[in-house]
Amino acid sequence: MLPKRKTWRTTSILLVGIILLVGWQNVNAQEQEHGGISNSWLIMQAVPSVSWTSFPTRTHFSFEWEATPVLYSWGMTKLDPPVHFFFVTQPERFAGSIEFNVSTQLYTSQIGTSHWGFSGQLLAHLPLVERGEYVGLNLGVARYNIAGVSSNYIVGGFSTLFGFLHYNIKYSPVDKIWMHSIEFRFF
Amino acid sequence: MNVKNHLLRFILFSLTVLYCSMIIPGCSSFFIRFITKSFEDLPSSPDTVATKIAHPIFQNVGLSVLWVGHATCIIQIGDKIFLTDPIFTETAGMISKRRIEAGILPSSIDKLDYILISHIHFDHLSYGSLSMLPKSTVMLLPTGGAEYTPEFGFSDYKEMNPWKTFESDGVRITAVPVKHFNGRYGFDGVWSNYNTFTGYVIEYKGRTVFFAGDTGYDPEKFKEIGRKFAIDVALIPIAPIEPHDFMKHVHADPEEALQIFEDVKAKIMIPIHHRTFVQGLDSSLTTAQNRLKQLITERHLEDRVLILNIGEQRILVP
């Protein structure tokens, strides 16, 4: 089992490698007028996703704000550039992709006991039914810092309802922690 | 610590208010009634189409149209085959239930030259249906459609900005502006930078066909199309109608469809986008068709407006 610092270094090298290796493919995408970050999109990013996360001790409701600094999509046509920064449509993600995303969570099980969480994930989305719109598989690794406690996790789960509904299991091999989450995601 | 707790309480309270403000108007809207109506229909099987044409493609024909259902039509001009907004699946987007089978089996389409996608809604850009089609075809998409189109293995893909013309082997296909709404999942329509919907005008061997896709009525747009093209056949949507205050902005009702027909100055109109799926809050699947029949009789348009049955093929020019 890798020490935590080494895992992070490996993840970082993987991430940089992915960006360098595939970034040039955007040049090959047929030049088209494409969407992107608009003011209304920015405003809507303030609306958090909601989830229920079950820890070994109790289940927390949480709000989550997520951003996708980079995503590589391999399931789209040549008209669509494979590398996306922050702005990602549902099919670009769920028709087959690997992404690096970061998020901030606000967990609460009762008023007055809420706490913040922060995470970074390297997550692959594999389409299973209807190009991932009906059912998709999520696989990856994540690092969570919840209430000041950090752990690395292996992530696996499913998405459905056009990628809006997720069920993910996260397991920390070092700390032997299991997390189950049902997530209703806006992107 | 107190400050932190107050801050957290404030954030949680604000978010609760935000979600309530989003959910409460949604619950009272037609959207929830539509979802409820759709769920009621999910367990039922679609009605069968008695006789499906096994070989819809001719060796050569002047002009023929086969209505597969909804906005799906096989148009053949000469030796070229065009398929509009193909949907053969039992649901559109998991929820909206097909009430009548597709008029032909997708496997009976053994030759296909062009697929025209008018917009990215589930009932017009159906991933499951596109997977069933022959691969040696060119797929035309509206502006922004590429961001919603997975790879299906077709020979080529083209995004069509308004008034852009694609030409190949004597075929001219022009994207023409219509009036509809953006997005695929609802909220994504809000942040679109441009219109992700279009109509198409197909020109080949002296024949011209207008496919309106899915549209509301906009006199300026349709009169302009009428000025630029001499249209033989117009495929124009006539449903859904209700709730009319909402639908009138994005869907033409039968009266407006006839007005579009007049504006584009077509010789023949074939109504589409009705009878196939649960749509809007129309009281029955035939509400729009019945209203159109009434108008046809009143205006003596029997020879010019052809209401096809699902699966019916009409040779308009032998």
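This is a walk through a predicted model, starting with chain A and then moving to selected parts of chain B.

Let us begin with the overall make-up of chain A. Its secondary structure comprises four helices and nine strands. If you trace chain A from the N terminus, the elements come in the order α-α-α-β-β-β-α-β-β-β-β-β-β. Of the 187 residues in chain A, 34% are buried.

Now turn to chain B and pick out a single residue, I53(B). You will find I53(B) in the loop that runs between helix 2 (30-41) and strand 1 (61-69) of chain B. Setting aside neighbours within four places in sequence, the contacts of I53(B) are L66(B), I104(B), G311(B) and Q313(B). For one of these, L66(B), the C-alpha atom is 9.5 Å from that of I53(B), with the two residues 13 apart along the chain.

Next, have a look at a pair of helices in chain B. Helix 6 (residues 254-263) and helix 7 (residues 287-299) of chain B have axes that come within 9 Å and cross at roughly 55°. Helix 6 and helix 7 of chain B are therefore oblique to each other. Which residues make the contact between helix 6 and helix 7 of chain B? Helix 6 contributes P254(B), E255(B) and L258(B), while helix 7 contributes A288(B), R291(B), L292(B) and L295(B). Sorted by class, this contact of helix 6 with helix 7 of chain B has five nonpolar residues, two charged ones and no polar ones.

Our last stop is a sheet in chain B. Here six strands are arranged as an open sheet with mixed pairing, in the order 9-10-11-12-13-14. The edges of the sheet are strand 9 (165-168) and strand 14 (268-272) of chain B; each has a single partner strand, so one side of each is left without a neighbour in the sheet. From one strand to the next, the twist averages 15°. To see one pairing in detail, follow strand 9 of chain B to strand 10 (residues 171-176) of chain B: the two pair in the antiparallel sense over four bridges.

Notes
Residues numbered from 1 in each chain as written. Chains lettered and ligands numbered in written order. Predicted model: local features only at pLDDT ≥ 70, side-chain atom pairs only at ≥ 80, totals over all residues. Buried ≥ 20, exposed ≤ 12 C-beta atoms within 10 Å, placed from the backbone. Contact = placed C-beta atoms within 7 Å. Axes fitted to C-alpha atoms, helices over the stretch in contact; angles between N-to-C directions. Parallel < 35°, antiparallel > 145°, perpendicular 65-115°, else oblique. Nonpolar A, V, L, I, M, F, W, Y, C, P; charged D, E, K, R; others polar. Pairing = 2+ DSSP bridges.
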